[in-house]
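The following note sets out a few points for a colleague who is starting to read this structure. Please keep the sequence and the model at hand while going through them.

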Amino acid sequence: MLRSTLCSCLALGVGAGLASGQTAGETATQQSADTLSLDLVSVSALRPQGRADITASVATLDASDLAVRDAPFLSDQLRAVPGLAISRNGSAGSLNQIRIRGGEANHTLVLLDGIEVSDPVSGETDFGVFSGANAQYVEIARGEQSALFGSDAIGGVINVRTVPEAGFRGLAEAGSRSTHRLEAGHGWTFDQGSLSAAFSDTASDGVDTSGLGSEDDGYRNTSALLNGVAAIGADWTLSGLARYGKSDVDFDSDTDFDGVLNDSDNETEAEQWTFGGALQGDALGFNHVFRASYAQVTRDNFADGAIADTAEGERTKFAYSPSVNLATSLANLTISGLIDHETEDYSVRDTAFGGGTDQDQSFETLGIAGEVLAKRGPISLNASARYDDNDGQFEDAETWRIGGAYAFDFGGRVRGSFGTGVKNPTFTELFGFFPSSFVGNPDLNPEKSTSWEIGWDQTYDRGQWSLTYFDAELEDEIFTDFSVFPNTAANRDGESDRSGVEFAANWQASEAFALSGAVSNITSQDDTGTDEVRVPEWTASFAVGWESQVKDGLRAGFALDYVGEQFDNDFSTFPSRTVTLDAYTLVSASVDYPLTERISLTLRGDNLLDEDAVDVFGYNGPGAGVFAGIRIR
């Protein structure tokens with residue numbers, strides 16, 4: 001019935017936005033600075049919505065929010081968002097994972113200007129290498145978004161948005177652990193559009209990941225970004241981006257398989273290419289979007305200077321989207337839909353084991369979706385549904401989501417939503433192979449989730465706050481079974497539960513001072529009632545931003561980010577045992593002092609209390625760091 005309903009929507013000409021859910025927001029209209037505001041969100045529906053119409057939990061970080069921490073890695077910026085937990089394997093540039101509402105890292109879809117940048121191999125985004133994105137605005141939708149975005153969005157969606165800026169900008173910074181950070185960009189504006197190019201290079205000696213003290217594990221991340229938008233006639237626009245990223249990360253491994261890291265000469269080199277474009281315009285009473293994107297990741301692993309294996313993943317997406325606005329006597333309607341096609345290819349070649357792990361695999365998915373947004377006075381309603389044909393590789397999936405909100409005259413708004421999500425197994429879970437430790441399971445079933453949430457948003461003249469409660473049940477959760485050897489991926493038999501409370505607030509205390517904060521309490525348990533690992537029960541953040549009203553460009557920021565106790569596995573015993581990782585608080589600060597109209601001195605500090613911030617058992621994290629530089633605005 002659902003399939004026939006969706007096909008009927010398409011037959012009526014109600015097609016969809018892109019697999020990324022982005023439409024007009026990625027063309028000239030949304031690429032302008034005027035639309036990069038907290039009032040327009042592009043990840044909550046197939047067409048951009050005003051915040052007053054959103055029924056799900058969405059957080060946004062604008063340029064002033066990002067300036068408070070002034071961190072080179074987006075994962076540190078996202079500590080300000082409720083419901084998110086960050087796990088870091090040692091140095092700042094090592095593997096950085098983000099878990100939304102107690103889910104796994106591969107439950108989150110990550111977009112750059114609407115183009116997916118998640119790794120086709122692991123299904124997640126390593127935020128340790130996702131630097132230099134020239135982020136101007138970040139949108140985070142929490143909870144199942146599969147009805148719009150498909151398999152990869154069972155936990156949420158993060159969209160990093162950029163905007164071409166005219167003129168040259170740059171940053172040169174150096175500091176602790178022999179760290180340097182270089183950023184440069186230039187933007188050009190034309191009568192019919194704009195173009196922007198950006199470059200970033202960040203490198204550090206890092207820290208001794210194993211904690212044994214004999215050698216440090218460094219990293220280097222380099223990226224380049226080219227994006228732009230152009231008007232084609234009066235009614236059509238063309239936008240596109242090209243991104244290149246390269247990372248070299250040293251790490252320690254358990255070379256004697258006793259469950260404890262050893263000081264070892266291991267390195268991962270990764271390269272990622274991402275290309276994407278969208279054509280949008282109005283014709284025959286509809287707004288149309290055509291989009292295409294391609295991503296490729298190549299990862300080489302080295303041991304003692306010799307290559308051990310190479311993995312490559314590719315993702316190709318095509319999508320078409322019409323949408324129509326209808327004014328009826330009952331409500332104003334926006335009816336949209338979605339049809340997209342996605343192909344993923346995976347290959348691995350090893351030298352260390354004589355080609356014993358070599359293989360080639362491919363996935364193919366056709367997605368069809370429809371959505372209706374309704375607005376009548378203070379009432380906002382939405383309903384969306386999606387059908388994914390997985391070409392026999394997995395069972396076909398049907399997902400849906402409904403929501404409603406009511407706005408009161410005094411600035412309060414109650415909202416709620418209910419929906420389902422799905423996550424297909426990743427290539428690593430299905431076919432991964434790590435000698436003497438892990439082998440994939442090609443018989444895995446997709447994960448399925450059902451959740452609901454209810455929230456209250458309150459707006460004042462100088463601020464706002466929101467409170468949300470959510471509850472989710474995950475079926476067929478994929479986990480690593482450490483009770484067998486070699487370890488393998490498996491589906492849990494029962495339901496895994498996630499629930500929690502999220503609070504966020506911001507206050508413009510004066511023209512100079514802005515304050516913000518967030519608190520989350522999350523419970524995430526498997527089907528036996530055991531707490532999931534690397535999901536802190538409590539997280540919190542507090543930030544103060546100050547901008548001089550006398551001297552243009554003079555600003556300062558201060559932030560506290562608290563991560564409560566969390567569980568992890570200790571593999572030094574067999575079977576492994578659960579250990580508790582200590583809570584920690586990260587204190588950061590940043591200052592810009594202008595020397596001229598365009599040149600400023602910068603100073604920032606990370607983990608200023610020198611806390612032992614450990615997110616993964618046995619992985620030593622960075623201590624206090626201080627960094628100084630020069631910025632060109």
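**Note on salt bridges, surface patches and selected residues**

1. A network of salt bridges links Asp70, Glu173, Arg181, Glu183, Arg555, Asp592, Arg604, Asp606 and Arg631. The model under review is a predicted one. Across the whole structure, a search finds 42 salt bridges.

2. Side chains of opposite charge can pair when their charged atoms come close. Glu453 and Arg101 are buried.

3. Arg101 also meets Glu502 in a salt bridge (2.9 Å, N to O). Here too the pair links distant parts of the chain, since Glu502 is in strand E30 and Arg101 is in the loop between E6 and E7, 401 residues apart. Both Arg101 and Glu502 are buried.

4. Glu453 has a salt bridge with Arg415 as well, at 3.3 Å, N to O. Because Glu453 lies in strand E26 and Arg415 in strand E23, the pair ties together parts that are 38 residues apart in sequence. Glu453 and Arg415 are buried.

5. Turning to the surface, a nonpolar patch with about 1,000 Å² of accessible area together includes Trp400, Phe418, Trp452, Leu467, Tyr469, Phe503 and Tyr562. At least two residues of this patch come from each of strand E22 (397-407), strand E26 (447-459), strand E27 (463-475) and strand E30 (495-507). Tyr469, in strand E27, counts as partly exposed because its relative accessibility is 31%.

6. A patch of negative charge on the surface brings together Glu364, Asp391, Asp396 and Glu398. Glu364 is part of strand E20 (residues 359-376). Its relative accessibility is 34%, so Glu364 counts as partly exposed.

7. Is Pro425 buried or exposed? Pro425 is buried, because its relative accessible area is 3%, and buried means under 20%. Pro425 lies in the loop between strand E23 (412-423) and helix H6 (427-431). Leaving aside neighbours within four places in sequence, Pro425 is in contact with Phe363, Phe394, Leu430, Leu444, Asn445, Pro446 and Ile478. From Pro425 to Asp606 the C-alpha to C-alpha distance is 36 Å, and the two are 181 residues apart in sequence.

8. Ala385 is placed in strand E21 (residues 379-389). With a relative accessible area of 13%, Ala385 is buried.

Notes: Residues numbered from 1 in each chain as written. Predicted model: local features only at pLDDT ≥ 70, side-chain atom pairs only at ≥ 80, totals over all residues. Heavy atoms only, no water. Helix = DSSP H or I, 4+ residues; strand = E, 2+ residues; numbered from the N terminus. Buried < 20%, exposed > 50% of the residue type's maximum accessible area, 1.4 Å probe, protein only. Contact = heavy atoms within 4.5 Å. Patch = residues over 30% accessible without salt bridge, like charges linked within 9 Å, V, L, I, M, F, W, Y side chains within 5 Å. Areas by Shrake-Rupley, 256 points an atom, 1.4 Å probe, with all protein chains shown as cover. Salt bridge = Lys/Arg side-chain N within 4 Å of Asp/Glu carboxyl O. Lys, Arg positive; Asp, Glu negative; His and termini not counted. Charge placed at Lys NZ, Arg CZ, Asp CG, Glu CD.
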